[in-house]
Amino acid sequence: MVDIKKFVFSPFQENTYVLISESKECWIIDPGCYHKEEKQALERFIVENKLNPTRLINTHCHLDHVFGNKFVHDAFGLLPEYHDKDEQTMKYASVSAEMYGIPGFEESPKAKSYLKEGVTLKLGEDEFEVVFVPGHAPGHVALINHNDKVVIGGDVLFKGSIGRTDLPGGNFDTLVESIRTQFYILADDFVVYSGHGPETTIGVEKQTNPFIKSN
């Protein structure tokens, strides 16, 4: 069973996840560490727990989810992996930083490779399916562990909300379709680890989410 450590980073209160296998291999998902102290906290956790980082994955490439890409590369030698349809989003991140008045943005390294929907990635003995869930961002992906009933969902579905669709490349109808066809087909007890805010479950959102309920 995979262990999940959550950090809340940056002025955007973004959730960064470290997924940890029983063998101490780990993936860093959406490193949003912006301040020096946040970077130190992430590195300290990995070093003190004697973890072996093997992947840096971006569910999508909005500014708040890639703040720490360069730091993770410098500290652990990892290059990011994300969907090729979010390459333009990545290129736009520095412009977003200027628009939000956030100084000192560090450009992300080039992608090591692009994530493909339908592919299964292995973290130790644990398997995660890559699913394509555009709408919040054109190349948004999620990672689903069917055995542990875990969804690493990025900014697709939140507790009582959904990802915003007014950013470049966003589309409300597309996001709704992604949620219905990729998330709401899962069993009610799947836990969704979102890019912001607390965890939720598929069942709770089907019944109570005011933006999109199950049919």
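In the hairpin formed by β1 and β2, where 4 residues lie between the strands, Ser10 adopts a positive phi near 70°. Strands β1 (residues 3-9) and β2 (residues 14-20) run antiparallel and are joined by 7 bridges, and the bridge partner of Ile4 in β2 is Leu19; strands are DSSP runs of E of at least two residues, helices runs of H or I of at least four, numbered from the N terminus, and two strands pair if DSSP finds at least two bridges between them.

The model is predicted, with local features requiring pLDDT of at least 70 and side-chain atom pairs counting only at pLDDT 80 or more, while totals for chains, interfaces and linings use all residues. Residues are numbered from 1 along each chain as its sequence is written, and side-chain values use heavy atoms, leaving out hydrogens and water.

| State in α1 | Residues |
|---|---|
| Buried | Glu38, Lys39, Leu42, Phe45, Ile46 |
| Exposed | Lys36, Glu37, Val47, Glu48 |

Viewed down the axis of α1, the buried residues fall within an arc of 130°, so they line one face of the helix, the arc being that of the directions from the helix axis to the C-beta atoms. Their cover includes β1, β2, β3 (25-29), β4 (52-57) and α3 (69-76), where contact means heavy atoms within 4.5 Å. After α1 comes Lys50, with a positive phi near 55°.

His140, in the loop between β8 (126-132) and β9 (141-145), is buried, with a relative accessible area of 0%.

Definitions and conventions: Buried means under 20% relative accessible area, exposed over 50%, partly exposed in between (1.4 Å probe, protein chains only).
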